[in-house]
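Good morning, colleagues, and thank you for making time for this presentation. Please look at the sequence and the structure as they come up, and keep them in view while I speak.

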Amino acid sequence: KIKYGTRLVTSSSDIISISSFNLLAPLYVRPIDQRTGEIQPFAAFEWVKDDDLLRNETRLPRLLTCLENCGTDFICVQELQLERAEDSHSNSSDTRPPFVLPSWIKPLLSKYQIILPSQPQLDKIAERNRRVLLADVAVTNGIFYNLNKWVPDSSNKQSNGDDEHTNTCITQAFRSVDSDDASIVISSIHLDASREEKRCAQIQRCLGQTASFSSHLPYALPLIIAGDYNCELSIGSCVSAFIKNAPDDSTSSQPREGEEDSKSGMEEHKLRECASALRIPLTSVTPDNVKQWDSLYDDVETYVYDNCWVLKRANTGPTRMALVHDESNDNTAEFNELCLKPWKLDHFVYTSNTLDAIKYWSTLEDDAESFKTGLPNERVPTDHLPLAAMFKIHPHPQLDQG
């Protein structure tokens, strides 16, 4: 673990640096939801006392500085808000100008290029935003890549019928500018905020796309899935079943050896995670809820086994401080840090048989000020603490000949 904000510049093609930024789309800062006529609790930022911290004129330049200073080969972004290109020829809804990068982030293009979803994909989220938030903007994921070191490579990609980039998942193979073959797959992901089955489907889709880039090989290319998972990958969650047990990680998919490793212990973990995902009290979980949860968990385990995935999570800590809206807060009490809870929502998940996480930024466990004030604040200009890490590529394990 290294100090948050340390610049991660690499000089070797087998060492990869990557960062992940949930940018906090300006559209999602205290908007009026047309379905309710109110600001949704998760977008109200009740803990932010200084409104200047949320103003675009203040926040976005600071965010650009963070992006420029990280120095990583790849920057995976979530909640990137695009705008319509200036076009005076027509205001017809049938001929709207395409979505382009906003001006505040364009200075990154001096060093990076970006991969985005297609315009039809962007139009889908824009239609939702026009209907719900009265704003004709697209909010999406993206992957910035250092154009002096890396080139997108789809030369060996085999279409699987579900390989289009979406606003919540962009998966792309890259090769070094000095190589003819792809050496890494990067995925920028933003998982569903409420449904475990949808989160699992999004991860599985990402893995399927990675396999399609590896069709010319007897094994999958090294993969890093970076982004906002909207869950903590806790033991017993179905999403955690994608991840191989790791003794140094408290969010591994299985209990540690000798620690609640009985069948009943795992069932307790599953029950707790089922209640958490459904946002209901533990005592309200029904046998049918448990049956569906167990079925989804088993399906994930079977998929991982059948497709020989060996995934691990980089041992990063909490990245978000916010109010717990499912629990009551004493509105008459003076605001204090006890109102806030740390959440471990942003992760790097990677193929541990072909990659080693050799260093990564510290997270909120080492930031007492953010624990007290929440995010955004004077130090961090977004509501999720960005992550960054370095990975070393090593050869895929192979059986000895003979």
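Ala 126 counts as buried, because its relative accessibility is 0%, and the cut-off for that term is under 20%. Please keep in mind that this is a predicted model. Ala 126 belongs to helix α2, which covers residues 119-133. Which residues does Ala 126 touch, once its neighbours within four places in sequence are left aside? The contacts are Phe 99, Ala 135, Asp 136, Val 137 and Ala 138. Of these, I would point to Phe 99: it stands 27 residues from Ala 126 in sequence, and the two C-alpha atoms are 9.6 Å apart in space.

Let me turn to a serine. Ser 176 is located in strand β7, residues 169-176. With a relative accessible area of 9%, Ser 176 is also buried. Leaving aside neighbours within four places in sequence, Ser 176 is in contact with Ser 13, Lys 149, Trp 150 and Ser 183.

Now to the cysteines. How many disulfides does a search of the whole structure find? The search finds zero. As a reminder, a disulfide is a covalent bond between the sulfur atoms of two cysteines. Is Cys 206 buried or exposed? Cys 206 is buried, since its relative accessible area is 0%. Cys 308, by contrast, counts as exposed, because its relative accessibility is 61%.

My last topic is strand β15, residues 387-393. Six of its seven residues are buried, and therefore the strand is largely enclosed by the rest of the structure. Which strands pair with β15? One partner is strand β1, residues 15-22, which pairs with β15 in the antiparallel sense over six bridges. Within that pairing, Ser 19 is found opposite Ala 388 of β15. Another partner is strand β14, residues 355-360, which is joined to β15 by five bridges and also runs antiparallel to it. Here Leu 355 faces Ile 393 of β15 as its opposite residue. When you look at these strands on the screen, recall that in a regular strand the side chains alternate between the two faces of the sheet.

Thank you for your attention; I would be glad to take comments.

Conventions. Residues numbered from 1 in each chain as written. Predicted model: local features only at pLDDT ≥ 70, side-chain atom pairs only at ≥ 80, totals over all residues. Heavy atoms only, no water. Helix = DSSP H or I, 4+ residues; strand = E, 2+ residues; numbered from the N terminus. Buried < 20%, exposed > 50% of the residue type's maximum accessible area, 1.4 Å probe, protein only. Contact = heavy atoms within 4.5 Å. Disulfide = S-S within 2.5 Å. Pairing = 2+ DSSP bridges.
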